[in-house]
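Dear colleague,

I am handing over the structure we spoke about, and my notes on it follow just below. Please read them with the model open beside you.

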Amino acid sequence: MNSLKDVLKKYIAADGPMHLARYMEMCLTHPEFGYYVTRDPFGTKGDFITAPEVSQMFGEMIGLWAAMLWSDSGKPEKLNVIELGAGRGTLMADFIRGTVKVPRFHDALHIAFVEKSPVLQDKQKCSVGDAGFTRTPIWAEDIDGLDVDGMTFIIGNEFIDALPIRQFEYTDKGWMERCVGISENGALSMGLIAADTLFTAHLPKDAAIGDIYERSPARDHYMERIAALIKSNSGAALLIDYGHDTSDAKGDTFQAMHEHAFVDPLDNAGNADLTSHVDFYRLRKIAKAAGCDVFPSASQGEFLHKLGIGQRAQILVESAPEKGAEIYEAYKRLTDDDKMGKLFKVMPITSNINGTPII
Ligand SMILES: C[S@@+](CC[C@H](N)C(=O)[O-])C[C@H]1O[C@@H](n2cnc3c(N)ncnc32)[C@H](O)[C@@H]1O
């Protein structure tokens, strides 16, 4: 057994075609061959660049958002900040540096990471240490393994999109599930199998042939746990991702990224990042049903502007004029509608706090 493709083929030969969630989970987090388990994929030499890697301003603005909400909520003596899927830990490092001057904030701050990749856990450890934060964070491989008490803020940038999805297609035989099998020539290929009524009972009744709907028990579960954590402890969550905010959006959004280009999600198993668009509408519904206060999503550009990213960029340029062009370019990349500003949405939820989150 020497590659993820071999492992996938073994499972498919034994159990039959594999639904997409299983495929996605194995490709991304298989303990030996998973994409995130075996590498640091970020940056120009990697496969993609995320907002915290574009500029320190992103993590600083999230730090400011959290510090203001903590302050509005009466500055409790303990604040847990949990980051989901923190990559290299860059957002958290900038969050720390950006809030160092907020009186008493770092005394209250307890950091936790939910991270499956041991490679990235190590990077997060270094980033937090380099940022000068001395209280040791805690790590859990998934949110079920985390137990915190006290006010809790949960942050996830490009995390929910990595949680596995299943896809259902309406055909002339009714609802079928899209799955990964092996073609006659031995390659991984997409096919359809009978869909579980557990899912089809809740799919739209007026679908047309060819319509595809995505569902993610893993994302639903995360949202339930996030809501439960902030409800029992008081606090807020801030989820930032690409996706849609309308009821029952349809379409195939499953995608793979390798060396900064879209590739076929079945090619390069374990060597490409797999994601799909996040259904913010559904996540908000789950949080609301759990008793949290919910807010419509805003675009990343609007959100960062409200927090003062323009002024921050100005200050950075004044203190390092030789980097002016670079700082301006990063600011535009994070906020412009035709770059990350509109594609990415920001959605807060809160529970039992006095303040209103900036959105
Ligand atoms: C697209 S990266 C985002 C990284 C970081 N938030 C950023 O913006 O740079 C996804 C992150 O989630 C982690 N991850 C992916 N699937 C996970 C899972 N099921 N459980 C825990 N962490 C996961 C990855 O290892 C990685 O750190």
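At what angle do helix α5 and helix α7 pack, and how far apart are their axes? Please keep in mind throughout that this is a predicted model. In it, helix α5, which covers residues 90–98, packs against helix α7, which covers residues 118–130, at an angle of about 15 degrees, and their axes are 8 Å apart. Because angles under 35 degrees count as roughly parallel, α5 is to be called roughly parallel to α7. The crossing in which α5 passes α7 is right-handed. On the α5 side the contact is made by Thr90, Met92, Ala93 and Ile96, while α7 contributes Gln124, Ser127, Val128 and Asp130. Sorted by class, the residues of this contact between α5 and α7 are four nonpolar, three polar and one charged.

Helix α5 also meets helix α4, which runs over residues 56–72, and here the two axes come within 7 Å and cross at roughly 60 degrees. That angle makes α4 oblique to α5, and α4 passes α5 in a right-handed crossing. The residues of α4 that make the contact are Gln56, Phe58, Gly59, Glu60, Ile62, Gly63 and Leu64, and those of α5 are Thr90, Leu91, Met92, Ala93, Asp94, Phe95 and Gly98. By class, the contact of α4 with α5 is made up of seven nonpolar, five polar and two charged residues.

As for the chain as a whole, its secondary structure comes to 14 helices and 17 strands. The protein chain is divided into domain 1, made of 4–27 + 166–214, and domain 2, made of 56–162 + 228–246 + 281–351. The centres of domain 1 and domain 2, taken over C-alpha atoms, are separated by 34 Å. Along the principal axes, the C-alpha atoms of the protein chain fill a box of roughly 65 × 45 × 40 Å. The radius of gyration of the protein chain is 21 Å, which agrees with the value near 21 Å that a compact globule of 359 residues would have.

Methods:
Residues numbered from 1 in each chain as written. Predicted model: local features only at pLDDT ≥ 70, side-chain atom pairs only at ≥ 80, totals over all residues. Axes fitted to C-alpha atoms, helices over the stretch in contact; angles between N-to-C directions. Helix = DSSP H or I, 4+ residues; strand = E, 2+ residues; numbered from the N terminus. Parallel < 35°, antiparallel > 145°, perpendicular 65-115°, else oblique. Left-handed = near helix turned anticlockwise from the far one by under 90°. Contact = placed C-beta atoms within 7 Å. Nonpolar A, V, L, I, M, F, W, Y, C, P; charged D, E, K, R; others polar. Domains from an automatic or database assignment. Rg over C-alpha atoms; globule rule 2.2 N^0.38 Å.
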